[in-house]
Amino acid sequence: MTVFVALALTGFSTSRGHGHGSRHSGGGGGCSSSDQDHDSSSSGSTSGGSSGSTYHDYDDDDDVTGGTSGGSSSTSTTRRDASVELVTCATPGEAYATVEVTNPDPTGAYFTVTVDFLDAGSRTVERRSTDEYVGGDDTATVRVDLSGPAAAAKVDHCDPEPYAPVT
């Protein structure tokens, strides 16, 4: 207990310290005087602040991101939508549309594909969606079904959403 009191009275801290490019396993410390620089890798002036107030240990940033340096942790946030192109529209004999879905990312994912089935006046007969897996950097042919032949008989043309979001 007297060690902590002595350290507190002399201006030393028991907080963890880092030197640039090295790892310390325990406490460190430094003088509380802002004019003293005990770490030769520290840069800049520390006048007016506590010891090390302008020093940033870039080497230890990986401790915050899970211990990987140089890796990417933003895989799920950088996923792009797949592009969708109509291949065939529904007919009275085929109650579905066929589209090609292209995944622009190197990793496979499920995408929600949506097609509007329209009548001759461009009014919506049905709006249908399906989730489909598409491999990385690949194109898949996807079938989007109507509710049945009665709906297909009313369809004049199809209008797929141009992009399918990742599900």
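Which backbone nitrogen does the side chain of Asp 119 reach, and at what distance?

Modeller: The side chain of Asp 119 reaches the backbone nitrogen of Arg 123 at 2.8 Å. That's a polar contact, meaning a pair of N or O atoms within 3.5 Å; within protein, one must be able to donate a hydrogen and the other to accept it, and residues adjacent in sequence count only if both atoms are side-chain atoms.

Some ground rules before we go on. This is a predicted model, where local features need pLDDT of at least 70 and side-chain atom pairs count only at pLDDT 80 or more, while totals for chains, interfaces and linings use all residues. Residues are numbered from 1 along each chain as its sequence is written, and side-chain values use heavy atoms, leaving out hydrogens and water.

Back to Asp 119: you'll find this residue in the loop between β3 and β4. Helices (H or I, at least four residues) and strands (E, at least two) are DSSP runs numbered from the N terminus. Asp 119 has 16% relative accessibility, so it counts as buried; buried means under 20% relative accessible area, exposed over 50%, and partly exposed in between, with a 1.4 Å probe and protein chains only. Leaving aside residues up to four places away in sequence, Asp 119 touches Val 125, Lys 154, Asp 156 and His 157, where a contact means heavy atoms within 4.5 Å.

Tyr 110 and Tyr 133 sit edge-to-face, 5.3 Å centre to centre with 65 degrees between the planes. For the rule, rings of Phe, Tyr and Trp (its six-membered ring) pair if their centres lie within 6.5 Å; planes under 30 degrees apart are stacked, over 60 edge-to-face, and the rest tilted. Tyr 110 lies in strand β3 (residues 109–118) and Tyr 133 in strand β4 (residues 124–134), so the pair ties together parts 23 residues apart in sequence. Tyr 110 is partly exposed at 47%, and Tyr 133, at 43%, is partly exposed too.

Now the disulfide (cysteine sulfur atoms within 2.5 Å). Cys 89 and Cys 158 form it, with their sulfurs 1.9 Å apart. Cys 89 lies in the loop between β1 (82–88) and β2 (96–102) and Cys 158 in strand β6 (residues 157–160), so the pair links parts 69 residues apart in sequence. Cys 89 and Cys 158 are both buried.
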